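Q: I am new to this structure and would like to go through it step by step. Could we begin with its charged side chains?

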Amino acid sequence: MTMTRVLDYFTSLVADDDSLPVTEAALSLAQDAYPDLDLQGTLAELDALAMRLRKRLPDEADLKDRIAALNAFFFRELGFSCNRNDYYDPDNSHLNAVLKRRLGIPISLAVLYLEIAEQIGLPVRGVSFPGHFLLRATLPDGDVMIDPTNGHSLSESEMVEMLEPYVARASGAVDSALRALLQPATSREIVARMLRNLKGIYLQTERWQRLLAVQQRLVILLPGQLDEIRDRGFAYARLDYLRPALEDLELYLGERPDAEDATVVESQVAELRERMQRGGD
């Protein structure tokens, strides 16, 4: 598929919040690295795994039994786990690779877990916890927070400890922040977090073409978020796409003339204009 067709497809997937297919949208991110990806075939493979588990479950299995069966199937039988030896490998965010290697990061493992959970009738949602995406299962006797890298049910004290690096240690601050951060994530938020993980990797490794592909998707996914338009402009500039870079950065400045980074952006705009005057594209 051409880049235009890939982005058109992504645009159609994320157009509406109520019908956004999170697994398909998350899998489509891999098309930037795997242009010949058999997306429907990969989804069918995931459906087949869910069917394997569903056939084993007795009709009378309650939610606790289903959670236990899913955890045993996903983590022990299939062997899904966190790729701690190469955590920043982009393939940890490409669901086709995660499905093949059985290795990922919390959010990509969570997306696969959520898909199977839905297909076996389990009410599980994703939670955008800082630093470590979580799962929230709703059971008759209360919600259970699950680590998507191993199926461990997290206690409140464990989550408070996980949160401490991100929250000031003021009296009660961590506890109050914890309650706010355990709300379920929307499908759009899940896809955005996956893209921002890739964005950070490609910035760090200076893979500008891949970064631009990510930025294109972020602008589509989060319309009106000027920071993403600005960052797409910088990605264009890195690749010497001068005119679209200028358009994005001028749009940002036009909407945010008093932004904290206005001076940096203005400097980049001036450089782009000078290069275009010298005959650049």
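**Salt bridges and surroundings**

A: This is a predicted model. In helix α11, arginine 230 and aspartate 227 are 3 residues apart, so about one helical turn separates them.

Q: What do arginine 230 and aspartate 227 form, and how far apart are the closest N and O atoms?
A: They form a salt bridge, and the closest N and O atoms are 3.7 Å apart.

Q: Is arginine 230 buried or exposed?
A: Arginine 230 is buried, because its relative accessible area is 14% and the limit for buried is under 20%. Aspartate 227 is partly exposed, at 30%.

Q: Which residues are linked in a network of salt bridges?
A: The network links Arg196, Lys199, Asp227, Glu228, Arg230, Asp231, Arg256 and Asp261.

Q: Where is aspartate 231 found?
A: Aspartate 231 is found in helix α11, which covers residues 226-238. Aspartate 231 is buried, with a relative accessible area of 18%. Leaving aside neighbours within four places in sequence, aspartate 231 is in contact with Lys199 and Gln215.

Q: How many salt bridges does the count come to?
A: The count comes to 19 salt bridges. One of them joins glutamate 77 to arginine 52, with the closest N and O atoms 2.9 Å apart. Glutamate 77 lies in helix α4 and arginine 52 in helix α3, so this pair ties together parts that are 25 residues apart in sequence.

Q: What about arginine 278 and glutamate 274: how do their side chains meet?
A: They meet in a salt bridge, at 3.1 Å from N to O. Arginine 278 is exposed, with a relative accessible area of 61%, whereas glutamate 274 is partly exposed at 45%.

Q: Changing topic, which residues gather in a patch of negative charge on the surface?
A: Asp59, Glu60, Asp62 and Asp65 gather there. Aspartate 59 lies in the loop between α3 (39-56) and α4 (63-77). Aspartate 59 counts as exposed because its relative accessibility is 77%, and exposed requires over 50%.

Q: And leucine 178, buried or exposed?
A: Leucine 178 is buried, with a relative accessible area of 3%. Leucine 178 is found in helix α8, residues 173-181.

Q: Which residues is leucine 178 in contact with, leaving aside neighbours within four places in sequence?
A: Leucine 178 is in contact with Phe129, Glu156, Met159, Val160 and Leu163.

How values were computed
Residues are numbered from 1 along each chain as its sequence is written. This is a predicted model: local features need pLDDT of at least 70, side-chain atom pairs count only at pLDDT 80 or more; totals for chains, interfaces and linings use all residues. Side-chain values use heavy atoms; hydrogens and water are left out. Helices (H or I, at least four residues) and strands (E, at least two) are DSSP runs, numbered from the N terminus. Buried means under 20% relative accessible area, exposed over 50%, partly exposed in between (1.4 Å probe, protein chains only). Contact means heavy atoms within 4.5 Å. Patches are made of residues with over 30% relative accessible area and no salt bridge: like charges are joined within 9 Å, nonpolar side chains (Val, Leu, Ile, Met, Phe, Trp, Tyr) within 5 Å. Accessible areas come from the Shrake-Rupley method with a 1.4 Å probe; for residues, only the protein chains shown count as cover. A salt bridge is a side-chain nitrogen of Lys or Arg within 4 Å of a carboxyl oxygen of Asp or Glu. Lys and Arg count as positive and Asp and Glu as negative; His and the chain ends are not counted. The place of a charge is taken as NZ of Lys, CZ of Arg, CG of Asp or CD of Glu.
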